[in-house]
Protein chains: 2
Amino acid sequence: VSHKTAIVIGAGAFGTCIASVLSHNFEKVILKVRSVDVYQGICEGENKIYLPGIKLASNIVGAHTWEELDKIVEKENGKVELIVSGLPTGAIKSYFSENKERFDKYLDEGAAFCSLSKGIDPETLELPDDYFYHYFPDHKESFTFLSGPSFAKEVMEKQITLVSLAGQGREELITVSKMLSTSYFKAFISYDVKGVLLGGALKNILAIAGGVIEGLGYNHNTRAGMITRGITEMLRFGHVMNSRPETFYGLAGMGDLILTTTGSLSRNKSFGLELAKGRKPQEIIDSQRTVVEGYKTTKAAYLLARKYSIRSTIFDAIYQVLYEGADPKAKIEELMATPPRFEHD
Amino acid sequence: VSHKTAIVIGAGAFGTCIASVLSHNFEKVILKVRSVDVYQGICEGENKIYLPGIKLASNIVGAHTWEELDKIVEKENGKVELIVSGLPTGAIKSYFSENKERFDKYLDEGAAFCSLSKGIDPETLELPDDYFYHYFPDHKESFTFLSGPSFAKEVMEKQITLVSLAGQGREELITVSKMLSTSYFKAFISYDVKGVLLGGALKNILAIAGGVIEGLGYNHNTRAGMITRGITEMLRFGHVMNSRPETFYGLAGMGDLILTTTGSLSRNKSFGLELAKGRKPQEIIDSQRTVVEGYKTTKAAYLLARKYSIRSTIFDAIYQVLYEGADPKAKIEELMATPPRFEHD
């Protein structure tokens, strides 16, 4: 244990598992939780809502209010060395503008920042980095962005997990990567912030498609083929944002996509499986507590493709299935009915 | 049906399924089979050894000898428009030097050629294209090379299947792609012959690693992470052979790797699973009729890495497990125990 205090904002499954990783290297990890039922569980040493049945390390504590959090930090005389944000992308804007002063102070005092948010805002087409850089323009180098193949439950089980960590500052990347480093968790660093965030967002769309394909009764060949063609399209989105192609076939792109399409645990895949049964998107979403990021991202990608004239046949087809009631089987047949063409052009 | 006759050399599972694809577009598809038991099955309309229980199309016929094959071609007055080679890489050299005259004649008469062979010769470090270009230097443009995510059984079931087809001649690529085109099968074309062949070969090594990881009890996170880091190494092999990075995250690279690591049907993965149980490589191989390409390819990749000074930590670790009795769990821990580093460098 070489660090004092880390704060994790938001105790969803992923925020909680990152808190567990940090608990190896920090004296105290404070989970800042808004909802009362999650908070109560954390106080009893378990995230009963999102990761039921898994005991948390004893140096992970919950805080429901800022006052409570400040008291814990004070009592421990614990300098806040790392802030982790596990908020959904849609919540970043309001949360960090409302609490800007507090975070300015942490950052001024040298705290590093690690965002776990994935997704594209379907209204503004902005990504998490756009918000953070906008609200904290003097601390851009303090921000890092984590993404990669990491089911929270498996991280809790100490399964070996490799992720990407992107940011603008070399020192900060190395610092946060070390803070996250354990015998089972490893964050590879990268300067390609947009690529890592875009990979983490767009792969959710293909995960839905993977679920639909499986649900329709197609098997391994079809799934592998469609995913691969989908990644080729992902690169075109990256191209207009100046990200590096390698990032998309790295951990935050291909790696996460492999996980998400082949692991039965993924929410986006389950969503696709339900769609294939003929259920309506909104109906499925209403019946779940957790967010299906890929659904909103599909719309954002559709709008991005229009805005930047990106050729995106597969992503468009998924959009039409999710938002315009198109028949997935007919869409697949349409995609197949094209003359010989080059794989990469 | 717009073509006369296709010849498929070798009736393994994959050769047989490509014959089935071709049966939609050719009047006659002749499977040239060496082993008597496979041949007898084909004559009865079924590849009883490699694809038992699946009925072959009626225009697929077997030929045990060249005389028999010539008789069928003559009788049908069927021009041979396509030759498919489904031989294991190790068999190409002797087969096509022994029968060179015959194939020269087909090629002179305008036949196209499609090779299904994957793998690197562990003695000479040559790939299938090296052999074909060596024996048929005047017909280089006639040769195409197919690779991609395609379990034979699923192709037989008419599951949608997308593959890469590489070659030097634009017209020939389009021609063969059309010959292979059905409502469920599609070959995307590419000029990157070495990339497609290298992807198809090296992915077998990572498939073994995927099996070992699964067999050791690691789960989705670990598998996705290791595969992704493995592809990064594949690119370095491609680099010394001037292939395009895109090829490795295309159908013949990433696509086939997704299939092979996540589908339970893959031979290389099963091999890895058995290894994880503590069985010796040679013992597993001796107990199977089919070839585990990845085993030999691991040695070839190891030698290639030495020859060209390729940084190949993961591939080397797999080599040490397969050929030097190294403990896979210890190797994985070793790979994890490195300081923060850039994901792509």
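**Exercises: where chains and helices meet**

In this predicted model, 62 residues of chain B are in contact (heavy atoms within 4.5 Å) with 62 residues of chain A. Residues are numbered from 1 along each chain as its sequence is written, and local features need pLDDT of at least 70, while side-chain atom pairs count only at pLDDT 80 or more.

**Exercise 1.** Describe the interface of chain B and chain A.

*Solution.* 
Step 1: Start with area. The two chains bury about 5300 Å² between them, counted as the accessible area (1.4 Å probe) lost on being put together, summed over both. Carbon and sulfur atoms give 66% of that.

**Exercise 2.** Work out how helix 9 and helix 15 of chain B are arranged.

*Solution.* 
Step 1: Locate the helices, which are DSSP runs (H or I, at least four residues) numbered from the N terminus. Helix 9 covers residues 193-215 and helix 15 covers residues 293-308.

Step 2: Compare the axes, lines fitted to C-alpha atoms over the stretch in contact, with angles from 0 to 180 degrees between N-to-C directions. The axes come within 8 Å and cross at roughly 110°. Helix 9 of chain B is therefore roughly perpendicular to helix 15 of chain B, a label for angles of 65 to 115 degrees.

Step 3: Find the touching residues. Among them are B:Ala201 and B:Ile205 in helix 9, and B:Tyr295 and B:Ala301 in helix 15.

Note on methods. Chains lettered and ligands numbered in written order. Heavy atoms only, no water. Helix = DSSP H or I, 4+ residues; strand = E, 2+ residues; numbered from the N terminus. Parallel < 35°, antiparallel > 145°, perpendicular 65-115°, else oblique.
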